[in-house]
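Me: I would like to learn how to read local features in a structural model, one at a time. Could you take me through some of them, giving the general idea before the case at hand?

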Amino acid sequence: MPSMAELLAIPCISFALALAFTPLARALALRWELVDRPDGHRKLHGRTIPVAGGLAIFLATGLTLALTICLSPSFRFVSQLEPRLLVGLLLASLLICAVGVADDYGYLRGRHKLCGQIVAIAIVMGFGVQVRHIRLFGLDVELGLLSLPFTVFLLLGAINSLNLLDGMDGFLSSVGIIICIGIAFLAILGGRWMTSWVALALAGAILGFLKYNFPPASIFLGDAGSMLIGLVVGVLAIQSSLKGPATVGLAAPLALLTIPIIDTAAAIVRRKLTGRSLYTTDRGHLHHCLQRKGLSNRDAILLVGCLCLITATGAMASMLYNNEYLALLAAALVVGSLVLTRLFGHAEVGLVQKRLRAVVVSLFRSCSRREAHEVEVRLQGSVDWKEIWSRLTECAERLQLRSVLMDVNAPLIGEGYHARWDCGRGTEEEGTLWRTEIPLVARNKTVGRVQVSGERDALCVSEKVAVVAQVVKEIEAEVLALCPLERTGTIAKKRPTSLRLQPAHME
């Protein structure tokens, strides 16, 4: 068993190495143009920033593990107990870094990146990381044939949930440090020395990198860094909570990952229930919401760090006292505090409630052609879209349309709005329906869409579309007055800008 001095030496070594490697990685990234440039739409930082932080963290962590194997008999012995895990993590980390660098260069689409993640996960699974049994609140469940997809699901969730948190200087780095330290404590309590060893090395490397990533950042993690942290954290979370051969106690690791889980869950709900692609970018993540509430970058990091400490404490207490309800309580306290204070998640909860209410109403209402229901929710921002939306619904009623939808997703100005009106008519044959979508574009940037559908009747479809387009055109000036655009890297003063309509796409 490694001594306490040996355990404490690990993060110190990786911290020092990361301090040395990060400036080198930054210089090389600038030379190789591995950088993140502001685009005036989603990437709003003021200057070009290198994105090679993941490479520095990988080198610092890997070299720390190699040095401790060479210098410490205890860790040499530990590495011999689970050599396959160490080799699998090394190979998978190399691959995930390569995938991340390719994505940072812009060579990959979303599905290509997903395939790379799955291959990296297959590597660690091939080296023995697999969940065959789960234990939650005293119930043991044997997964059987579901073992492989369940393990893939857990690790994909870890990679992408942490990747989504990487949207503000120092945010993911700070969260990652606390999660890694929490995993190390869980592993020590469970006698998983290999897991604690790797977790402490990664925590020290991220801390060294954080010196350069703390606001204002001079280097970003990039996808290589965020996905690397997600992959290693996912594997270590599984290993730290093992209760027996391939049996994982879920409560502690899930509580430890509460912040990334709730951020990812909110993004999925927000995008699926508004009809957007899962790959759509928006400014509805936790760090964006905290900034809109007036918190500075450092204040947001401090607040989320405290929340992570609460969940980590709950996870460790559940392991120490063998009481999974302590982990559940800590996670519920954090999620409840964010939602009830409306700091984060309140809009997504409202969206789910309204969608469920609409479904229930549709089940019990009559099929009268006059009945209608609508779902309307402000996802982000402060603009009052209701008056604009009411004009569209009045137009839909006048034209006897079947449905109208307005979806605003403008990361540049921090606005998100979704509303849908359905007339509640009975089901007609698909061949009698028509549908058209009008994208809203400002300065060549899409800021939303209006979608309408109806039935073919005496009034020509093209005439109905023309009326809707005219209504949209009439409210352009008001939309622009409410939503001034921003210049690249800076916020412009309120000034009218022409909002034009692209040609409608009809089905």
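Reply: Let us begin with Phe 220, which lies in the loop between α8 and α9, where helices (H or I, at least four residues) and strands (E, at least two) are DSSP runs numbered from the N terminus. This is a predicted model, in which local features need pLDDT of at least 70 and side-chain atom pairs count only at pLDDT 80 or more, while totals for chains, interfaces and linings use all residues. Residues are numbered from 1 along each chain as its sequence is written, and side-chain values use heavy atoms, with hydrogens and water left out.

Me: Is Phe 220 buried or exposed, and how far is Phe 220 from Ile 49 in space?

Reply: Buried means under 20% relative accessible area, exposed over 50%, and partly exposed in between, with a 1.4 Å probe and protein chains only. Phe 220 has 15% relative accessibility and therefore counts as buried. Phe 220 and Ile 49 are 171 residues apart in sequence, yet their C-alpha atoms are 6.8 Å apart in space.

Me: What is the peptide bond from Pro 215 to Pro 216, cis or trans?

Reply: That bond is cis, with omega near -5 degrees, and Pro 216 is found in the loop between α8 (193-213) and α9 (222-240).

Me: How many aromatic pairs are found in the whole structure?

Reply: A pair of aromatic rings is described by the distance of the centres and the angle of the planes. Rings of Phe, Tyr and Trp (its six-membered ring) pair if their centres lie within 6.5 Å, and planes under 30 degrees apart count as stacked, over 60 as edge-to-face and the rest as tilted. The search of the whole structure finds 3 aromatic pairs. In one of them, the rings of Trp 385 and Tyr 417 have centres 6.0 Å apart and planes at 25 degrees, so this pair is stacked. The pair links distant parts of the chain, 32 residues apart, with Trp 385 in the loop between β7 (373-380) and α16 (386-398) and Tyr 417 in strand β9 (residues 415-422). Both Trp 385 and Tyr 417 are buried.

Me: How many disulfides does the structure hold?

Reply: A disulfide is a covalent bond between the sulfur atoms of two cysteines, and the criterion here is a pair of cysteine sulfur atoms within 2.5 Å. The structure holds 0 disulfides. Cys 395 is buried, with a relative accessible area of 3%, whereas Cys 460 is partly exposed, with a relative accessible area of 37%.

Me: What span should helix α11 have, and what is the distance between its end C-alpha atoms?

Reply: The expected span of a helix is 1.5 Å times one less than its number of residues. For the 15 residues of α11 (residues 258-272) this gives 21 Å, and the end C-alpha atoms are 21 Å apart, which agrees. Among the buried residues of α11 are Ile 259, Ile 262, Asp 263, Arg 270 and Arg 271.
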